[in-house]
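Here is a short tour of one protein model, written for someone who likes to check values against coordinates. Have the viewer open and follow along.

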Amino acid sequence: MRLTIAAALFALSGHGAMAACIGQNLFDTMPAERAAAIEAASRDVPFRQGLLYQAVRDDQRITLVGTYHFGDARHQPMIERVRPLIDQAHALYVEAAPAEEARLTKALTEDPTLMVDPDGPTLPERLSPDEWDALSQAMSDRGTPGVITARMRPWYVALMLGVSPCMVRTMAEQGGESGGLDHLLVAEAQDAGTPVRSLEPWDTIFGLFEGLTPEQELDMIRASLPAASYADDYAVTLTDAYFDGDVWKIWEFGRFDAYANSGLSREEVDRQMDLAQTRLMDDRNRAWIAPLLEGAVEAGDEGIVAAFGALHLPGEAGVLSLLQDEGFTITRLDG
């Protein structure tokens, strides 16, 4: 869940930084039985592996790129492979095009209450003393003092806990830039004169958490807190899995890590994971199919390229399965 939550920050940053985290890959040190359980949970998931695919139906063609939203030198081979496809494409589709990102930035600047609750009970009042102490320290490690964290909306705190301190520091040093593959591909499209279009509006992120009970909001924080103390290792682990193309293993790693370390029951962890998958992935995937189909029809022989978070590719409700349901033939290009 934490990588998916962190990925929701895609529209809060620009482009150009390298987030080089130093840590250990936790797959190398985890108990063998947990590694086996993660593998078993991932085994039958459709399109569980791979970052580059093509979907074809008649004369319609969509090239799909699973991205990682933070910078890494290992993005370069994918950029070089996708560059000629973007050059020739009718359009590049991303989660949020530059115009939508600008609208989000403007909204956050003009209305701080989108992220801060000025009236309700503070987080120290809602959490236990031990939970608040752990949260205050974790947010301080990410450059946000406790006096500010106390008034932040729980969903935004959970987002921040999903970003490791090394990534936060790097983005701060680079003026808020992330250097993620999405933004690098947008720059390629702009250089090529290829139009860049959004798959969803700028305010989508705020609707993802509507209707949560107060306790569900706090549980988002509780589920994210244990890993916050070793978030740099967590970031290295998930980044390595991404560049190995083992996409769904990223998701199941989060589940089994929460089983072991969150203090929540397995049932509660599963409820949190189901909620996150539905709201952050499945519902959005279904909403993206219409613009992708419209873009592919409009493009004709030129085709389109779509680049979005890698966890949106696999699964029964992943973009690839949904396109397959629409009659597209799916071919992996990087395996």
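## Alanine 317

In this predicted model, alanine 317 counts as buried because its relative accessibility is 10%, and the cut-off for buried is under 20%. You will find alanine 317 in the loop that runs between strand E5 (304-309) and helix H16 (319-325).

Which residues does alanine 317 contact, once its neighbours within four places in sequence are left aside? They are Asp282, Asn285, Arg286 and Leu322. Aspartate 283 is also worth a look: 34 residues separate aspartate 283 from alanine 317 along the chain, while their C-alpha atoms are 8.5 Å apart.

## Alanine 134

For another alanine, turn to helix H6 (residues 129-141), where alanine 134 sits. Is alanine 134 buried or partly exposed? Its relative accessible area is 38%, so alanine 134 is partly exposed, a class that lies between the 20% and 50% limits.

## Helix H14

Helix H14 covers residues 247-261, 15 residues in total. From the first C-alpha to the last, H14 reaches 22 Å, close to the 21 Å expected at 1.5 Å a residue. Most of this helix is covered, with 13 of the 15 residues buried. Just after H14 comes glycine 263, whose phi is positive at about 80°.

## The second largest pocket

The second largest pocket holds about 240 Å³ of space. Its lining is made of 16 residues, and those closest to the centre are Asp117, Arg153, Pro154, Trp155 and Glu217.

By type, the lining has nine nonpolar residues, six charged and one polar. Helix H5 (123-126) and helix H8 (154-161) each contribute at least two residues to this lining.

## The whole chain

Stepping back, the protein chain contains 16 helices and six strands. Its C-alpha trace spans about 60 × 50 × 35 Å along the principal axes.

Buried residues account for 57% of the 335 residues. As for contacts between residues at least 6 apart in sequence, 84% of them join residues at least 24 apart.

Technical notes:
Residues are numbered from 1 along each chain as its sequence is written. This is a predicted model: local features need pLDDT of at least 70, side-chain atom pairs count only at pLDDT 80 or more; totals for chains, interfaces and linings use all residues. Side-chain values use heavy atoms; hydrogens and water are left out. On a 1 Å grid over the protein atoms alone, a cavity is a set of points where a 1.4 Å probe fits but cannot get out, and a pocket is an open set with protein on both sides within 12 Å along at least five of seven lines; lining residues have an atom within 4 Å of a point. Grid points are joined across faces, edges and corners, and a volume is the space filled by probe spheres set on the points. Helices (H or I, at least four residues) and strands (E, at least two) are DSSP runs, numbered from the N terminus. Ala, Val, Leu, Ile, Met, Phe, Trp, Tyr, Cys and Pro count as nonpolar, Asp, Glu, Lys and Arg as charged, and the others, Gly among them, as polar. The expected span of a helix is 1.5 Å times one less than its number of residues. Buried means under 20% relative accessible area, exposed over 50%, partly exposed in between (1.4 Å probe, protein chains only). Contact means heavy atoms within 4.5 Å.
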